[in-house]
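Work through the exercises below with the sequence and the model open. Each task is followed by a solution in steps.

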Amino acid sequence: MSPAIFITVLLFIPVIFIFLVKGSRKTASRLPPGSLGVPMIGQSFSLLYAMKKNTAEKWILERIRKYGPVSKLTLFGTPTVMIHGQAANKFLFTSDCNTLGNQQPASIMRILGSRTLFELSSDDHKRVRGALVSFLKPEVLKQYVGKMDLQVRMHLESHWQGKEKITVLPLMKTLTFNIVCSLLFGLDAGERRDKFVEHFRKMIGGMWSVPINLPFTRFNRSLMASSKVQSMILQLINEKRTALTQQTDHQGQQQDLITCLLNIKDKENNMNNSVGLTDQEIIDNVRLVMTAGYDTSSILLTFLIRLLANNPVVHASILKEQEEIAKSKASRDELLTWEDLAKMKYTWRVAMEILRMIPPVFGGFRKALKDVEYGGFLIPKGWQIFWAASLTHMDESIFQEPSKFDPTRFENQSSTIPPYCFVAFGGGPRMCPGYEFARLETLITIHHLVTRFTWKLSCSDNSFTRDPMPEPVQGLPIEIQTRKLE
Ligand code: HEM
């Protein structure tokens, strides 16, 4: 380098430095209030601790009181902006996919695969979601009420009938897993399903772990189980594909989710159109649906059972509604129908009120794909945005006396609850596609439980922790008694 160029470069270095410092000060002044804390860690442990102690709502409200509805912090290794309120939810759930992307911890992507709905965006997300919804929509699910009913009856006969004491949460997990297996994979009770459950439980054990793949880590065990689950689903896909080629007409026949997805693919291929799902997309999304549908519904059912033990007035009203339906049947063996479920209005309102007060999904993250302005502040590209359902669920300007259990709030939900305020199922294009499936499982199970059993809590501690899903102390042990239909 010639001396003249060298001197010019030297002279420019301070100018560039001053420019960069000024630029970063300007950016810093536009960031929301709050502290990022210790790099990488920030406020993660403090939030997780509050969740464990079931004081996360208070933790968040204190932040809001201190910094206002938009504040910055660091969560799980990433600078984060927490936003709050109806407008914030609308912004988060409806921003276009070039502005906000979905953001899940790295461990989830490695375990469930890179082609799940969680990871996809724009047209890819629409295509795969459309395929899943083609099975999960009410018009299709209504054919499966009887099949779900049979699964619930079998579960109660094996795990409740004749017992005096049971623990609710693990049993509800077994029940929802069996329903998912039967409806999604056509996999009924037997050795194969038992193997499947075993691998699945190991797989989900490491979903919220540090993604370091070393032998004997939780994450490593999860990854190994995930590849076993993948092989089992691939085997099912091959069997179902063979069965499909042997059938000429599958119209009007009951199918499972995998067959339904293969059917879409084959139809599309026949039309020389490639909008169907690849085998990898089927595998990844079947793993996602298994996971998404397992913890959530089982937790809703567990808290419903807890509420019915604690609240005799609600119990009496639900029992009345369910007994009327049971009495309209010629015998106890007659299965429930779609029309019966439509009559269970009060029961579903109670479930919705539980979801308002104890949402199984505490909240979630999105990622800013470019610099975004929100509420007069800058959210820099690459930062994550955090939403928590309870922020609007427990806001007294939206839900009067939010700590009071009041299912009547859901009587005319669309006219009394403003949009983007009840977000237990999320909102916008990523809103939970399993809403109807969860409604069916919940109503059918509660019907059989209240008409066949009475129960009381065995544990006097009525509290629960979050990890990150809410779990009652000791998994909710109860004492049960069989009752006769009056
Ligand atoms: C009480 C039960 C349930 C609750 C409270 C619930 C809640 C949620 C929430 C809050 C989201 C959105 C997350 C976000 O926007 O970041 C979601 C997404 C999802 N849920 Fe559910 N869920 C439930 C049951 C189910 C069931 C039974 C299934 C499947 C059969 C399911 C499948 C899914 C899937 C596939 C997504 C991802 C959607 C997408 O990204 O487009 N969920 N769920």
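**Exercise 1. Ligand contacts**

How far is an oxygen atom of the ligand from an N or O atom in the side chain of Arg430? Then describe the shell around the ligand.

Solution. The model is predicted.
Step 1: the distance from the side-chain N or O atom of Arg430 to the ligand oxygen is 3.3 Å.
Step 2: two further arginines have a polar side-chain atom by a ligand oxygen, Arg129 at 2.9 Å and Arg366 at 3.0 Å.
Step 3: the elements that each supply two or more residues to the shell are helices H6 (122-136), H13 (279-310) and H19 (435-452). H13 gives the largest share, seven residues.
Step 4: the ligand is surrounded by 22 residues. By class, 13 are nonpolar, six polar and three charged.

**Exercise 2. A residue of H19**

Solution. 
Step 1: Thr445 belongs to helix H19.
Step 2: the relative accessible area of Thr445 is 0%, and buried means under 20%, so Thr445 is buried.
Step 3: with neighbours within four places in sequence set aside, Thr445 touches Val152, Met172, Leu175 and Leu301.

**Exercise 3. A hairpin**

Solution. 
Step 1: E1 pairs with strand E2 (residues 78-83) in the antiparallel sense, over six bridges. Val70 is opposite Ile83 of E2.
Step 2: two residues separate the strands of this hairpin, and Phe76 in the turn has a positive phi of about 50°.
Step 3: Val70, Lys72 and Thr74 point one way from E1, while Ser71, Leu73 and Leu75 point the other way; all are buried.

**Exercise 4. Salt bridges**

Solution. 
Step 1: the whole structure contains 24 salt bridges.
Step 2: Arg115 pairs with Glu281, with the closest N and O atoms 2.7 Å apart. Arg115 is in the loop between helix H5 (106-112) and H6, and Glu281 is in H13, so the pair ties together parts 166 residues apart in sequence. Arg115 is partly exposed at 26%, whereas Glu281 is buried at 2%.
Step 3: Arg356 and Glu353 form a salt bridge at 2.8 Å. These two residues are three apart in helix H16 (residues 345-357), which means about one helical turn between them.
Step 4: Glu479 and Lys456 meet at 3.8 Å, N to O. Glu479 lies in strand E12 (residues 477-482) and Lys456 in strand E9 (residues 453-457), so this pair links parts 23 residues apart in sequence.

Technical notes: Residues numbered from 1 in each chain as written. Predicted model: local features only at pLDDT ≥ 70, side-chain atom pairs only at ≥ 80, totals over all residues. Heavy atoms only, no water. Near = heavy atom within 4 Å. Polar contact = N/O pair within 3.5 Å; in protein donor to acceptor, adjacent residues only side chain to side chain. Helix = DSSP H or I, 4+ residues; strand = E, 2+ residues; numbered from the N terminus. Nonpolar A, V, L, I, M, F, W, Y, C, P; charged D, E, K, R; others polar. Buried < 20%, exposed > 50% of the residue type's maximum accessible area, 1.4 Å probe, protein only. Contact = heavy atoms within 4.5 Å. Pairing = 2+ DSSP bridges. Salt bridge = Lys/Arg side-chain N within 4 Å of Asp/Glu carboxyl O.
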